[in-house]
Amino acid sequence: MAKTASAMSVVVAVVATAVTCCFVLAAGQDSDAAAMMFSEDTSMGADELTARPPSSQDMSAYTSSAGHTLTGKPGATNIQKVYRTAKAVDAMSAMVMMMAAATGSGTGMAAAAVNNDTAIDSGSHTSDLEWLSNVYNPHLWNPVELPAASMLSVQCRDVMKTYLEALRRGSFWAAKMADASGRYSSQLFFGNDFWLGSHTLCKELQNKATNQYVPPFEAKFYVAKLAIKLHDQLTPRTRLISLGLCMPKDCSSTDVQNMVSVPKEDNESNYRSYRVLNVRSVPGTYTLWSDGKFQLLLIVVGLVTILTIVGSGYEMVLERRKAREFKKRQIAQGNNNESDSKVEFTLDKMQAIEKMQNMKACGNDNGTLDEPDMLFKVSRNEQILLAFSAVSNGRKILHCGPAPPESLTCVHGLRFLSLAWVIMVHTYLQVFSIAENKMLRTLTERNFMFQTVSNATFSVDTFFFISGLLVTYLYYKTTNKKDGPEVAVSRTPKCTSSILRNDTIKFFKLLGYRFIRLTPAYMIVLLMAEVSSRWLRNISVFEPENNNHISCADYWWRNMLYINSLYPRNEMCMLWSWYMSNDTQFYVLAVILLLVSARHFKGAVIGLLAFLIGSWVVTIFVAVHYNFRARIEEPFGLFDQLYDKPWSRLGPYLFGMFAGWFLFVTKCKLKMSFLTVVLGWSLSLFSLAYLVYGLHVVHLDLAGSALYASVGHSAWGAALAWIVIACCTGHGGCVNSALSCRLLQPLSRLTYCAYLVHPIIMTMTNFQMDGPLHLHNLITMILYFGNAVASFLLSFFISLTFEAPVVNLLKIMLSPPQVKKTSMEKNSSELQDS
């Protein structure tokens with residue numbers, strides 16, 4: 001029996017060895033095929049290797065090089081070969097184990113197999129990251145049993161079956177469709193919420209001119225919004241993920257949502273949650289040319305552009321004709337100077353020269369002509385047409401000549417630098433919104449210099465300060481020009497019915513002038529914001545946070561009345577326009593105080609102090625009530641309650657009014673000792689630096705935060721008041737030279753329009769991208785410079801076509817031909833030109 005058992009063992013071993021050799025040879029053939037498939041071949045591209053069936057030449061070349069005949073179905077793809085190779089290896093392993101088990105000599109191998117099975121079973125519990133990679137994986141979908149097949153349309157089931165079967169066969173177009181879709185790749189815990197794939201690739205793979213293999217159906221791109229929750233340590237809060245899907249167009253958004261909504265949680269890991277919130281197609285059904293608001297925008301911009309072109313052409317023709325007539329008159333008057341022939345005469349220059357000559361001839365010193373017989377007198381219609389001329393308006397905007405006497409030239413630098421600061425912080429918000437590594441913001445906030453960005457909210461306080469400064473200074477300069485500064489400190493209250501009526505008329509004239517001057521450009525930009533928001537939501541793979549397409553359509557009248565900052569943030573059209581609302585409300589208050597000061601100066605001072613202290617008290621109360629904490633990470637904390645509300649921003653404007661009054665009273669002449677100058681500059685610069693960078697080293701409690709929110713803005717205005725007073729009275733040194741640089745004058749004139757349009761430029765840039773941006777500080781700074789340049793270029797066009805013509809028309813309206821300007825008209829004109 002022992003001999004018989006031994007003989008049987010030998011026979012079984014021989015048979016097992018023979019079978020093993022057969023499988024080794026079969027596996028060797030397929031492994032050679034796999035080796036050939038991944039070997040370097042200069043005659044075929046990498047995409048061709050994974051996309052098309054091998055040609056007969058490739059087969060013959062492969063057969064000759066391998067030294068044996070290929071097995072398998074003719075025309076099989078490389079993916080199928082690899083699949084068969086894996087099957088052969090698995091079958092061989094199973095046979096070896098069977099032989100080993102039959103002979104009893106493979107106890108160790110059988111034990112290893114059992115351990116391997118155990119390991120496989122234990123590995124069925126997928127990790128969180130592996131689970132994420134299968135959130136959307138069409139390779140795992142069964143073409144026969146589609147996910148949520150009963151909820152799909154018939155057309156969708158048919159094309160999805162075609163797509164999934166082609167994907168399993170390794171078809172080139174199907175692989176490209178799957179590749180164009182998004183999936184989890186990395187950096188989820190570093191802020192990557194965008195698994196978008198490529199909308200452009202999904203669209204391009206249907207281009208027959210550039211693709212040899214195209215889908216047999218039309219493909220469409222969808223973006224699904226997913227709510228995913230993993231372990232609490234990994235995702236403390238539910239993450240909203242944007243998933244891009246390149247799917248057949250026959251599948252509607254509902255079909256796609258039903259397929260992707262298949263639960264991705266198992267019994268062992270019920271802490272995971274997965275939900276599809278919505279699915280939208282990109283692009284959607286919206287068409288720009290059918291939008292009535294877009295048509296209105298085109299009509300308005302088109303008409304104004306035509307007026308600008310016609311006005312410019314007419315001015316050029318008029319200048320040439322007037323120049324010839326002017327030279328003839330100069331020759332007739334015996335003023336034949338050869339140097340005049342080299343001078344480029346414009347209408348303004350010729351008018352000024354002739355006016356001076358006529359006044360000298362008439363012996364009139366009061367600046368008027370008794371019998372105006374001017375060569376350059378034009379009709380009212382011609383004045384209106386010339387008001388739109390880009391030639392004269394462009395010269396005024398780009399003028400860099402010497403400033404008039406007693407001008408506050410340092411304001412130009414402050415205005416430009418403040419807007420540059422605003423654009424910088426908005427650029428960071430721009431890139432944070434579409435970044436795939438959002439957590440870099442947390443790392444960047446640890447940098448000391450990043451406080452320049454996080455505390456850029458003070459840049460708007462500079463605008464408020466400048467507004468209060470110019471309104472007060474120009475009001476006193478124009479209204480009290482004849483009476484001198486003594487009127488500003490008059491202690492004799494006068495309030496009769498006629499004075500009250502005149503002051504009321506003045507108030508509405510000043511307010512009306514401001515409204516008419518600012519609103520046209522404002523409303524055009526608002527229309528641009530609404531149309532662009534609607535269009536971007538239709539074509540973008542991202543979802544902009546702003547709702548301008550809704551809020552601007554419903555609440556545009558709030559912006560037009562400059563009261564939008566009094567409403568919640570989610571109802572605000574053009575969120576950044578809260579500054580316009582506050583500034584106009586402050587302007588109303590300033591005009592009332594200025595009109596009162598002309599009759600009762602002490603009363604105006606008491607009112608100003610009451611408003612200043614009242615703003616502090618209200619801000620402190622609100623901050624304490626809502627438990628406000630000043631933190632670097634939340635520069636816009638309590639936006640609706642504190643950030644944009646007028647009572648928390650009034651301080652800088654009132655300090656600007658004080659600075660304007662002080663400069664008017666002193667006539668920009670003030671003697672100070674060296675110690676006073678040094679102490680003033682030290683305190684002002686320390687205050688500015690502490691307000692911007694102090695939160696990095698000092699952590700404020702509730703009381704400190706409330707004080708910081710209330711008095712901080714006023715302290716910023718007080719520091720700026722010293723800087724302006726020092727610069728305008730000759731104690732500014734190099735600071736005044738830098739701020740008063742003539743090259744900044746054109747940029748300063750464009751800040752209003754640039755402030756309005758720069759967020760639209762950023763939004764248009766952001767949400768037309770095909771995928772997220774990988775953050776880096778250097779890239780952000782390059783984007784910042786691009787945003788600044790583009791903003792000023794677009795603002796130049798808007799100022800040239802809307803802002804400057806409106807100012808000219810107001811001057812024509814307030815200054816009829818052959819009628820001298822009244823004091824009130826000069827006041828309105830000079831006050832608002834600032």
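Biologist: Which cysteine forms a disulfide with C156, and how far apart are their sulfur atoms?
Modeller: C251 is the partner, with the two sulfur atoms 2.0 Å apart. A disulfide here is a pair of cysteine sulfur atoms within 2.5 Å. Keep in mind that this is a predicted model, where local features need pLDDT of at least 70, side-chain atom pairs count only at pLDDT 80 or more, and totals for chains, interfaces and linings use all residues. Residues are numbered from 1 along each chain as its sequence is written, and side-chain values use heavy atoms, with hydrogens and water left out.

Biologist: OK, and where do C156 and C251 sit?
Modeller: C156 is in helix α7 (residues 154-169) and C251 is in the loop between β3 (239-248) and α10 (253-260), so the bond ties together parts that are 95 residues apart in sequence. Helices (H or I, at least four residues) and strands (E, at least two) are DSSP runs, numbered from the N terminus.

Biologist: Is C156 buried or exposed?
Modeller: C156 is buried, at 0% relative accessibility. C251 is buried too, with a relative accessible area of 0%. Buried means under 20% relative accessible area, exposed over 50%, and partly exposed in between (1.4 Å probe, protein chains only).

Biologist: How many disulfides does the structure hold?
Modeller: Three. C202 and C246 form one of them, sulfur atoms 2.1 Å apart. That pair links helix α9 (residues 199-204), where C202 sits, to strand β3, where C246 sits, and the two are 44 residues apart. C552 and C573 form another, with their sulfur atoms 1.9 Å apart.

Biologist: What does the C552 and C573 pair tie together?
Modeller: C552 lies in helix α20 (residues 548-560) and C573 in the loop between α20 and α21 (578-597), so the tied parts are 21 residues apart in sequence. Both cysteines, C552 and C573, are buried.

Biologist: Why is the C552 and C573 disulfide right-handed?
Modeller: Because the torsion about its S-S bond is about 85 degrees. The C202 and C246 link is right-handed as well, with 80 degrees.

Biologist: What's the pairing, in sequence order?
Modeller: Numbering the bonded cysteines along the chain, it goes 1-4, 2-3, 5-6.
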